Amino acid sequence: MNPSILRAALAGSLAFCSLSVSAATWTLTDSSANNPLVTGWKSGSNTTDIYSTSVDFWSGNGIGIGGESSSDGQHSLDNYNGYEVALLGFNQQVRLESVKAGWTQTDSDVFVMAYTGSGSASAALDGGDFKTLASRGWTLVSNLGGIGTTERSLGTTSGTFANTYSSFWLIGAGNFAAGTGVNLRETTNATYDYVKIATVSGTVKTTNGGGAPVPEPGTLALAGLALAGVAGLRRRRARAA
């Protein structure tokens, strides 16, 4: 094979691989055209049905859940008088890596979960409860205490969740524990959490959709063929010498 063709094939395949992931930051709004699409969900307790609700948006501050309007911050994503979560639906496979609130009040603990199950992510919320959420395909990725209005890392760029990519992510107010549900993070001086989430950041991975990453065998095969061709050409040259 012509060495120039081999080099071009190798360069092209490696370039394609490098483009299969990319960093991105997304601004959260209540628009139905936004990526990610944000929907609101809440429940009065950990053992009562989760149901859909409205999403509020304040430019610069971010999104809140519930459509409430109150001086105590209930128009935000909060855990006062029940529990609220924002469902982020991306049109790509995403590994979330950080979250940033544009506004907080009283306290600002949040938890983040990825949908790693099969079927519809919204169906895995609707009519279920927070106590059993982890058994319906939702995986807890991070509990963050007091995020304030600075960007906070989820710790997903290495370790257990480094390969967790999904099109669906949950952000909720408070702390989450599988088999228990949502609670206030503090154990000695519990306070309610009120946040408006402005942006999230992470890495996009080229996949075929759903809750788990999919290998790219065509790309890997092309790279393998190119490498094998280069190796074979070198061996032939060595024998000729």
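Strands are DSSP runs of E of at least two residues, numbered from the N terminus. The exercises below concern a predicted model.

**Exercise 1.** Determine where threonine 106 is found and whether threonine 106 is buried or exposed.

*Solution.* Step one: threonine 106 lies in the loop that links β7 to β8 (110–115). Step two: exposed means over 50% relative accessible area. Step three: the relative accessibility of threonine 106 is 57%, so this residue counts as exposed. Step four: threonine 106 is not a glycine, yet its phi is positive, about 70°.

**Exercise 2.** Describe the backbone of asparagine 81 and its setting.

*Solution.* Begin with the location: asparagine 81 belongs to the loop between β6 (77–78) and β7 (83–105). Next, its phi is near 60°, a positive value in a residue other than glycine. Most residues other than glycine have a negative phi. Finally, asparagine 81 counts as exposed because its relative accessibility is 63%.

**Exercise 3.** Characterise the surroundings of serine 120.

*Solution.* First, serine 120 is placed in the loop between β8 and β9 (138–144). Second, with a relative accessible area of 38%, serine 120 is partly exposed. Third, its side chain makes a polar contact of 3.0 Å with the side chain of serine 122.

Note on methods. Residues are numbered from 1 along each chain as its sequence is written. This is a predicted model: local features need pLDDT of at least 70, side-chain atom pairs count only at pLDDT 80 or more; totals for chains, interfaces and linings use all residues. Side-chain values use heavy atoms; hydrogens and water are left out. Helices (H or I, at least four residues) and strands (E, at least two) are DSSP runs, numbered from the N terminus. Buried means under 20% relative accessible area, exposed over 50%, partly exposed in between (1.4 Å probe, protein chains only). A polar contact is a pair of N or O atoms within 3.5 Å; within protein, one must be able to donate a hydrogen and the other to accept it, and residues adjacent in sequence count only if both atoms are side-chain atoms.
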